[in-house]
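Welcome, and thank you for opening your viewer. Let us walk through this molecule together, one selection at a time.

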Amino acid sequence: MAPLHLSANLEGVEAGARAVAALSANWLLRHRLSCATAQGGGDDGAAAGVVRGGGRRFGFHGLSIASILAALQRQGVDIERERLIVAHLGAGASMTAIKGGRSIETSMGFSTVSGLPMATRSGDVDAGVVLHLARSGRSVDEVEDLLYRQSGLLGLSGLSGDMALLVASREAAAAEAVEAFCLAGRRWLAGLAGVLGGVDRVVFTGGIGEHAPRVRARICEDLGFMGVGLDEAANSVGLGLISPPGAQVLVEVRAADEEAEIGRQTRAFMAGAGPTAAR
């Protein structure tokens, strides 16, 4: 499901358990808020047997999204009424559609390798390609390594999985990788707006979402037909509202705070309320 994350996370839990054996661990999976997608967005076109075997769509970046929603609520935004898209763009990247305060669709599915191309992860790949690789003699571990560690921006450019380096590079392959990422982002943004029946607010977050104005501009380019546009000066600053005055769709840049969200949910859990706000 998430081979780049789980090993390190488990090591931390085990180290904590050894250091403070009397404490219990409160597990907060990053896909918590996005789990509603399994009901709202369906389970792709997989056979029922795959779903019964545990192959459901989970979605990820739930802690990031929950922190964004909490910040919006603190500022008086009625997240129950707005149709929102949160674009968490970083080494891992996903976009999530939120309606009625709940995730109803997301670019990630069963695993962290689906959806947008990422630093080293492929994003969406035709399942036939995976079958072809297997039939060509590659082992399951080799295919996993290819999709999770050698693909995405790194695989497309042949140079790096770091978006900042690619944006600054003069290499044609770097520009092509950045363009492929932006095109995928534009496609997902427009598609999620269709799922929502329109969009009221788009929030960019994550390392790329917060710090790459060129990427934000390219993703939003040509989306004027659905009311999405950017103020060039505001986008170059990259904090807060970056859509022009009077825009139909509010476009913002916000910093996610997953650590604070973990703390908030943990306090709620320890108080017996459970992590209710992370829907």
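Is E261 buried or exposed? E261 is buried, because its relative accessible area is 2%, and buried means under 20% relative accessible area, exposed over 50% and partly exposed in between (1.4 Å probe, protein chains only).

Before we go on, a few ground rules. This is a predicted model, in which local features need pLDDT of at least 70, side-chain atom pairs count only at pLDDT 80 or more, and totals for chains, interfaces and linings use all residues. Residues are numbered from 1 along each chain as its sequence is written, and side-chain values use heavy atoms, with hydrogens and water left out.

**Stop 1: helix α13**

Helices (H or I, at least four residues) and strands (E, at least two) are DSSP runs, numbered from the N terminus. The side chains of R264 and E261 meet in a salt bridge, with 2.4 Å from N to O. A salt bridge here is a side-chain nitrogen of Lys or Arg within 4 Å of a carboxyl oxygen of Asp or Glu. R264 counts as partly exposed because its relative accessibility is 28%.

Now pick E259, which is also found in helix α13 (residues 258–270). E259 counts as exposed because its relative accessibility is 59%. Select S64 as well: the C-alpha atoms of E259 and S64 are separated by 9.0 Å, although the two residues are 195 residues apart along the chain.

**Stop 2: salt bridges across the chain**

How many salt bridges does the structure hold? The structure holds eight of them. Select R201 and E82, whose side chains meet in a salt bridge (2.8 Å, N to O). This pair links distant parts of the chain: R201 sits in strand β4 (residues 201–205), while E82 is in the loop between α4 (62–74) and β1 (83–89), 119 residues apart. R201 counts as buried because its relative accessibility is 6%. E82 is buried too, because its relative accessible area is 17%.

Together, E82, R201, E252 and R254 are linked in a network of salt bridges.

Next, select D200 and R83. Their side chains meet in a salt bridge of 3.1 Å, N to O. This pair also links distant parts of the chain, with D200 in the loop between α9 (172–196) and β4, and R83 in strand β1, 117 residues apart. D200 counts as partly exposed because its relative accessibility is 23%. R83 is partly exposed because its relative accessible area is 25%.

**Stop 3: a hairpin**

Select strand β2 (residues 93–99) and β3, which pair in the antiparallel sense over four bridges. Two strands pair if DSSP finds at least two bridges between them. Which residue in β3 is the bridge partner of I98? The partner is S103. β2 and β3 form a hairpin with two residues between them. Click on G100 in the turn, which has a positive phi of about 65 degrees.

**Stop 4: a loop residue and a helix**

Move on to S122, in the loop between β3 (102–106) and α5 (127–135). S122 counts as buried because its relative accessibility is 15%. Leaving aside neighbours within four places in sequence, S122 is in contact (heavy atoms within 4.5 Å) with V113, P117, L147, S151 and G152.

L147 leads us to helix α6 (residues 140–149), whose buried residues are V143, L146, L147 and Y148. The buried residues of α6 pack against α5.

**Stop 5: two cysteines**

A disulfide is a covalent bond between the sulfur atoms of two cysteines. The rule used here asks for a pair of cysteine sulfur atoms within 2.5 Å, and by this rule the count comes to zero disulfides. Select C182: the nearest cysteine sulfur, that of C220, is 9.8 Å away. C182 counts as buried because its relative accessibility is 1%. C220 counts as buried because its relative accessibility is 5%.

**Last stop: confidence**

Finally, colour the chain by pLDDT, the predictor's confidence in each residue, from 0 to 100. The chain averages a pLDDT of 85, and 77% of the residues score at least 70. Over residues 34–41 the pLDDT is below 50, and beyond near neighbours in sequence this stretch has 25 contacts in the model. Where pLDDT is low, the predicted coordinates should not be read in detail.
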